[in-house]
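Here is a short tour of a protein and DNA assembly, written to be read with the model open beside it. Please turn the view as you go.

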2 protein chains.
Amino acid sequence: MKFEAVTIKDIAKALGLSTSTVSRALRDSYEISPETKKLVLEYAEKINYHPNPIALSLKERRSRSIGVIVSEIANSFFSQAIDGIESIAYKNGYNVIISQSRESFDREAIHLQYLTSRSIDGLIVSVAAETKDFSHFKELHERGMPIVFFDRIINEINTHKVIVDNYLGAYDATRYLIENGFKHIAAIANNEILSITRDRLAGYKAALADHNIKTDDSFIKYCEHGGLRLEEVEQVVTELVDGEIKPDAILALGDKLTTGTLRILKAKKFNVPGDIGLIGFSNSETSELIEPPLSIIKQPAFEMGEIATDLLIQLIESKRPVTSFETKKLAPQIIIRESAKNKKNYVEF
Amino acid sequence: MKFEAVTIKDIAKALGLSTSTVSRALRDSYEISPETKKLVLEYAEKINYHPNPIALSLKERRSRSIGVIVSEIANSFFSQAIDGIESIAYKNGYNVIISQSRESFDREAIHLQYLTSRSIDGLIVSVAAETKDFSHFKELHERGMPIVFFDRIINEINTHKVIVDNYLGAYDATRYLIENGFKHIAAIANNEILSITRDRLAGYKAALADHNIKTDDSFIKYCEHGGLRLEEVEQVVTELVDGEIKPDAILALGDKLTTGTLRILKAKKFNVPGDIGLIGFSNSETSELIEPPLSIIKQPAFEMGEIATDLLIQLIESKRPVTSFETKKLAPQIIIRESAKNKKNYVEF
DNA sequence: TTTTTTTACGCAATCGTTCCCGGTAACCGG
DNA sequence: CCGGTTACCGGGAACGATTGCGTAAAAAAA
């Protein structure tokens, strides 16, 4: 399984030069005569020479590759974000190594270990739903690994972060529901410890409070694995609709939770929004094709990936240690469709 | 931005041994005494030594990474396939470098160039819709690069391939439509040159022929970019519904085409399946939530990714040149829902 | 005790590049 | 003609790991 072999040595030998000269000629050094440069360049072109990136990595002690850890690739939000990551990385000559935690702490730790042992230059992470202990990230960060968090961030680690205004997204969505006549609004959230859960629930509660609605803790449900398993969504939805006070609307605080909730509501033969209104965070490409057309809080996933990667590459390529970090907060996009419209305003598609 | 530095030399120095001895001790060579081994192993463990994969790659002339080229990551089919690829690659200690052609021939060629210059050990490809000239793949393959094609394959190159039975999928879907009373079935396909287009259209035509329905060429429409741009879908759908004979059902032969067609039909206020029935290839996670619940021909994307990766790794790690190749053909899954049900059998969800 | 065989380790080359030192011309001013 | 630039180029040591070969000391055989 040999594959090509043309190295700087081959050029040197063929042209009767030393490897140093060839190397310098290729890098356009001033101490090489124009004629020699031309000679080398032309010959290199002719035999289709390409510098061996592995040898370069070894020499420069950098791999020009960045690691990415997300919960799952086959999720609209993350695949769009990866799209953004990949595009910026490519522009800067980096490649991207992706791994999936599937919301599991153990898998996350293993992949983290694996990635660092593969000598990556930096890391982009959206933490797993299960993760409550951040010491593995912390230790790595303290040892000097550039890390950028996005979406699900960690306050305990001081580095660049990229998020949407989760508070605002949840606040506005909740406000919309209230202003459209929904009175009993339940929330289905991810794991309680997650940054996005905290921020989004805060927005939800604030909107209720601002409209003089008392927050009912039994109206807030958590899914440990972020709805990765439909059973947990079924569990909490069942609890909600079987409770003494049935909600008339649900705010779903995660991609999988939004479609999952709709799935369960449909299975239980509830009319949405007739019986229960629904709005949720989602980056699904087909949200408007869904029945009923889904009201969503959409994150600029592609852009988030781009920004995170830009920040990471800045970190990696910075000459002196970076001490001041920023948290980029982008605006979510709220799209109201039938699933969150009040019965009296409801129009058939 | 220094990050760790513990090498075999550090161990050697600390223990007063030579690097060769340390290396051999770590690899459990028989020529090292048990005591020395223990010493080295324990110290390595203590200072958290990990072999530098880049140095290894240089020495062994292999990078343990595989390249993947797909049209876009943020597409259910491909993200599921990548999921499968990633899982097998990870199990075998490979990492995966992903790039997107976005159906463009030029981007595909550039990425191919980039990937090979990054010294990958092998390649998994689903070719871009635009690609009519396969010489870049051919040349690479002839120079010894292991390649596995999946989904959109190239007959001209003799290597492992992984596909679904596209003929069967299209045949059965068409047959279903016919048997349910649809008479004028149009097909919307990808670029004409694509393997999946050829196979799927062949299945479509065969089903029509087997039911004594004449194939009408004006009923077959092509989208150069596989529906990546909604305009091209709009264009062909418009042509179909404005034609002298309006189809009463549409078979969409690609992920983006299926949802795209539905989008356009809805925009044009057509009732599906009342006015026009619809079935298509799709791996969308939300197909049953869509209005109307979408009938789909689903590919085992994850499994395809797994198999392709398995085959590729076999190729890479084979001692002697592989000369006999196989084309794995998996069964598509046909899921019939309301969008393809005849009016008279149609039941409201 | 001497010779042979093991045992256990070190030296140095290698993978493809870069880059620090030199070194050798040619050239120039005085 | 000589010292000093300048322009060009080569040698060889890295980067981190593996590995063939050589060899000292210890163990076994004679």
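Predicted model: local features only at pLDDT ≥ 70, side-chain atom pairs only at ≥ 80, totals over all residues.

Residues are numbered from 1 along each chain as its sequence is written, while chains are lettered from A and ligands numbered from 1 in the order in which they are written.

**The helix pair in chain B**

The axes of helix 1 (residues 8-15) and helix 2 (residues 19-26) of chain B come within 8 Å and cross at roughly 110°. Axes here are lines fitted to C-alpha atoms, for helices over the stretch in contact, and angles run from 0 to 180 degrees between N-to-C directions. Helix 1 and helix 2 of chain B are therefore roughly perpendicular to each other, a term covering angles of 65 to 115 degrees. Helices (H or I, at least four residues) and strands (E, at least two) are DSSP runs, numbered from the N terminus.

**Around the DNA**

| DNA strand | Residues around it | Closest residues |
|---|---|---|
| C | 27 residues | Ser20(A), Asn52(A), Ser18(B), Ser20(B), Thr21(B) |
| D | 27 residues | Thr21(A), Thr7(B), Ser20(B), Ser23(B), Asn52(B) |

Helix 2 of chain B gives the most to the surface near DNA strand D, with 5 residues. For DNA strand C, helix 1 (8-15), helix 2 (19-26) and helix 4 (53-60) of chain A, together with helix 2 and helix 4 (53-60) of chain B, each supply at least two residues of the nearby surface.

**How the two chains meet**

Between the chains, 44 residues of chain A are in contact with 44 residues of chain B. Helix 5 of chain A makes the largest contribution to the side of chain A that touches chain B, namely 7 residues. Of the interface residues of chain A, 100% are also interface residues in chain B, so the copies meet through the same surface.

Chain A can be laid on chain B with an RMSD of 0.1 Å by a turn of 180° and a shift of 0.0 Å along the axis. That is the relation of a two-fold axis. The C-alpha of Ile290(A) is the one in chain A nearest the axis, 1.9 Å from it. The superposition is by least squares on the C-alpha atoms of residues with pLDDT of at least 70 in both copies.

**A sheet in chain A**

In chain A, 6 strands form an open sheet in the order 7-6-8-9-10-12, with mixed pairing. Its edge strands are strand 7 (220-222) and strand 12 (333-335), each pairing on one side only. Two strands pair if DSSP finds at least two bridges between them. Strand 10 (residues 295-298) and strand 12 of chain A pair in the antiparallel sense over 3 bridges, and Ile296(A) has Ile335(A) in strand 12 as its bridge partner. Helix 9 (residues 195-210) of chain A lies across strand 6 (185-189), strand 7 and strand 8 (249-252), running at about 175° to strand 6 of chain A.

Terms used. Parallel < 35°, antiparallel > 145°, perpendicular 65-115°, else oblique. Near = placed C-beta within 6 Å. Contact = placed C-beta atoms within 7 Å.
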